[in-house]
Amino acid sequence: MKIKRVLAMALCLITAIATMTACGKEDLLSNAGYVANYRELQAGDKIAVMTVKDYGEVKILLFPEYAPNAVENFIGLAEMDYYDELIFHRIIEGFMSQGGDPKGDGTGGNSIWGQDFALETSPYLYHVTGAVAYAHAQNGGNGSQFYIVNSQPGMTYGMEPVPMDKEIAEYYCPDNTAAQNAYIENGGMPFLDGGYTVFGQVIEGMDVIYALSAVETDEMDKPLKHVTIENVEIIEYTAE
């Protein structure tokens with residue numbers, strides 16, 4: 001798959017990528033060698049345990065050291081039971097599963113501060129498979145809606161899943177070998193880097209994410225049968 005074709009398909013699907021600033025993209029990709037998504041667990045780490053009705057548990061490692069406001073917001077909403085009984089209102093297999101909107105149609109949701117807050121892009125967090133990030137609110141900031149990258153290992157997404165090869169990885173991460181290797185091995189959506197706030201990574205339960213990503217959807221990518229978040233609990237990791 002040639003780069004130009006992948007770029008064209010990605011841009012057709014995700015028009016919001018046009019809001020990415022060149023400065024943000026350059027800053028994000030200038031780091032040379034670390035991907036925090038896969039760092040080892042440490043005592044005191046905050047983990048979100050999301051229970052999806054009829055599917056099971058998903059455990060998400062949160063990164064307050066790189067996205068402090070984003071994590072504070074997610075934890076605050078979870079502790080308010082904000083996400084309880086909300087649905088995943090948009091699911092595209094091989095791309096992402098999006099939820100966190102009390103309206104259930106992608107137009108609603110608020111942060112714990114009652115208003116949208118600024119993006120937090122980090123040179124250490126990437127849209128690899130299993131990454132958790134905020135969807136843009138109406139003004140381009142963050143609110144309550146989030147998505148989970150559900151690509152298969154070694155795959156990315158244009159208008160359909162395509163192999164993630166070295167050419168694609170180098171195009172999006174020209175100066176970061178670690179990020180290139182992470183994308184080639186694990187798959188993901190590098191064309192989103194720099195434009196959205198990654199604040200977590202699935203560490204257990206990708207089988208659940210893959211199962212719910214395969215549900216039947218309508219022409220707006222909304223599941224025909226509700227995929228419901230029962231609750232989100234925040235726990236603290238304790239080293240054995």
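User: What should I know about the model before reading numbers off it?

Analyst: It is a predicted model, in which local features need pLDDT of at least 70 and side-chain atom pairs count only at pLDDT 80 or more, while totals for chains, interfaces and linings use all residues. Residues are numbered from 1 along each chain as its sequence is written, and side-chain values use heavy atoms, with hydrogens and water left out.

User: How many helices and strands are in the chain?

Analyst: The chain has 6 helices and 10 strands. These are DSSP runs numbered from the N terminus: helices are H or I with at least four residues, strands are E with at least two.

User: And how much of the chain is buried?

Analyst: 51% of the 240 residues count as buried. Buried means under 20% relative accessible area, exposed over 50%, and partly exposed in between (1.4 Å probe, protein chains only).

User: Which residues have the most contacts inside the largest nonpolar core?

Analyst: Met 50, Phe 74, Phe 146 and Phe 199, in a core of 32 residues. Such a core is a set of buried Ala, Val, Leu, Ile, Met, Phe, Trp, Tyr and Cys residues joined through side-chain atoms within 4.5 Å. Helix H3 (residues 68–79) gives the largest share, 6 residues.

User: Which residues of H3 are buried?

Analyst: Ala 70, Val 71, Asn 73, Phe 74, Ile 75, Gly 76, Leu 77 and Ala 78. Their cover includes strands S1 (46–52), S2, S5 (131–136), S6 (142–149), S9 (198–204) and S10 (229–236).

User: What span should H3 have?

Analyst: At 1.5 Å a residue, its 12 residues should span 16 Å, and the end C-alpha atoms are 16 Å apart, which agrees. The expected span is 1.5 Å times one less than the number of residues. After H3 comes Asp 81, with a positive phi near 65 degrees.

User: New topic: where does Gly 56 lie?

Analyst: In strand S2 (residues 56–62). Gly 56 is partly exposed, at 25% relative accessible area.

User: What is Gly 56 in contact with?

Analyst: Met 50, Thr 51 and Val 208, leaving aside neighbours within four places in sequence. Gly 56 and Val 208 are 152 residues apart along the chain, yet their C-alpha atoms are separated by 6.2 Å.

Conventions: Contact = heavy atoms within 4.5 Å.
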